[in-house]
Amino acid sequence: MKLSPLVVASSLVASAGAASVEGRQYLRHLEAEASQATKYTLAQYRGNFCTGRYVALELTLGMMTQISLPEGRSPEVLCNKLVGDDSGKFVVHSCPGSAATGCPLHCDGCHEDMVKHFAVGQCTDGWMLFEGDVCTADNADCISKNKVDVGLARWCNRWPAPGVPVYKVKDAEELDPPAE
């Protein structure tokens, strides 16, 4: 049986339309999941007691986020991921990315561990994690958002790797080698 060009064209349009509808439904599903992802703010205060003014970094639970820092800031591309653990606490993973490739899937290569472990609303040496966006226009204590490396990714290549000695013990000959 030979199909007319009109029937073939109608079938193709109907198939394309169905695929397009399915594609749009899938995109709406992804958007809904992203909007349900929990947003957090990591604040770094000027002192150790988490009072007064602070700079903030937006984080999304379970999602690596990429931020391009202002010119002159380091790193140029900042990557952060917030992960929850079984105890209800959170770990911030922060590392530099690149303008060419963006962010890595994880920050396992960064051994900096000063800004890592947080409980929501608990001050930790001048850092505090909040649920939601607390750095709003009517909050005078928040002096900047997503413009400072709050997670200390800039220290990744300066932090010693676990298991690698920082100092080498020298003997007397290495300290004062004999003259030749």
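Guide: A helix is a DSSP run of H or I with at least four residues, and a strand is an E run of at least two, both numbered from the N terminus. By that naming, Asn 146 sits in the loop between strand E8 (142–145) and helix H2 (172–175). The model is predicted.

Visitor: What makes the phi of Asn 146 stand out?

Guide: Most residues other than glycine have a negative phi. Asn 146 is not a glycine, yet its phi is positive, about 60 degrees. Cys 50 is another non-glycine residue with a positive phi, near 55 degrees.

Visitor: Why is Asn 146 called buried?

Guide: The cut-off is under 20% relative accessible area. Asn 146 has 17%, so the residue counts as buried. Cys 50 has 9%, so buried applies there too. Cys 50 belongs to the loop between strand E1 (39–45) and strand E2 (54–60).

Visitor: Why is Thr 124 called partly exposed?

Guide: Partly exposed covers the range between the buried limit of 20% and the exposed limit of 50%. Thr 124 has 25%, so it falls in that range. Its loop runs between strand E6 (117–118) and strand E7 (127–131).

Visitor: Which residues does Thr 124 touch, leaving out those up to four places away in sequence?

Guide: Cys 50, His 117 and Phe 118. The C-alpha atoms of Thr 124 and Asn 48 are 7.6 Å apart, although 76 residues separate the two along the chain.

Visitor: How do you know that strands E4 and E5 pair?

Guide: Pairing takes at least two bridges. Strand E4 (residues 77–84) and strand E5 (residues 90–96) have seven, in the antiparallel sense.

Visitor: What is the order of the open sheet of four strands?

Guide: E3-E4-E5-E6, with antiparallel pairing. Strand E3 (65–68) and E6 each have a single partner strand, so they are the edges, and one side of each has no neighbour in the sheet.

Visitor: What makes Asn 80 buried?

Guide: Its relative accessible area is 0%, and the limit is 20%. Asn 80 is in strand E4. Beyond four places in sequence, its contacts include Leu 57, Met 63, Ile 67 and His 93.

Visitor: Why is the pair Asn 80 and Ser 94 called a polar contact?

Guide: The limit is 3.5 Å between N or O atoms. These two side chains are joined at 2.7 Å, so the pair qualifies.

Visitor: How do you know that Lys 145 and Glu 58 form a salt bridge?

Guide: The nitrogen must lie within 4 Å of a carboxyl oxygen. Here the N to O distance is 3.5 Å. Lys 145 is in strand E8 and Glu 58 in strand E2, so the bridge ties together parts 87 residues apart in sequence.

Visitor: How many salt bridges does a search of the whole structure find?

Guide: Two. The other joins Lys 145 to Asp 133 at 3.0 Å, N to O. Asp 133 lies in the loop between E7 and E8, 12 residues from Lys 145. Shared partners join Glu 58, Asp 133 and Lys 145 into one network.

Visitor: Where in the protein chain is confidence lowest, and where highest?

Guide: Helix H1 (residues 5–36) is lowest, at a mean of 51, and E7 highest, at 94. The chain averages a pLDDT of 77. Over residues 1–18, pLDDT stays under 50, and the model has two contacts there beyond four places in sequence.

Methods:
Residues numbered from 1 in each chain as written. Predicted model: local features only at pLDDT ≥ 70, side-chain atom pairs only at ≥ 80, totals over all residues. Heavy atoms only, no water. Buried < 20%, exposed > 50% of the residue type's maximum accessible area, 1.4 Å probe, protein only. Contact = heavy atoms within 4.5 Å. pLDDT = per-residue confidence, 0-100. Polar contact = N/O pair within 3.5 Å; in protein donor to acceptor, adjacent residues only side chain to side chain. Salt bridge = Lys/Arg side-chain N within 4 Å of Asp/Glu carboxyl O.
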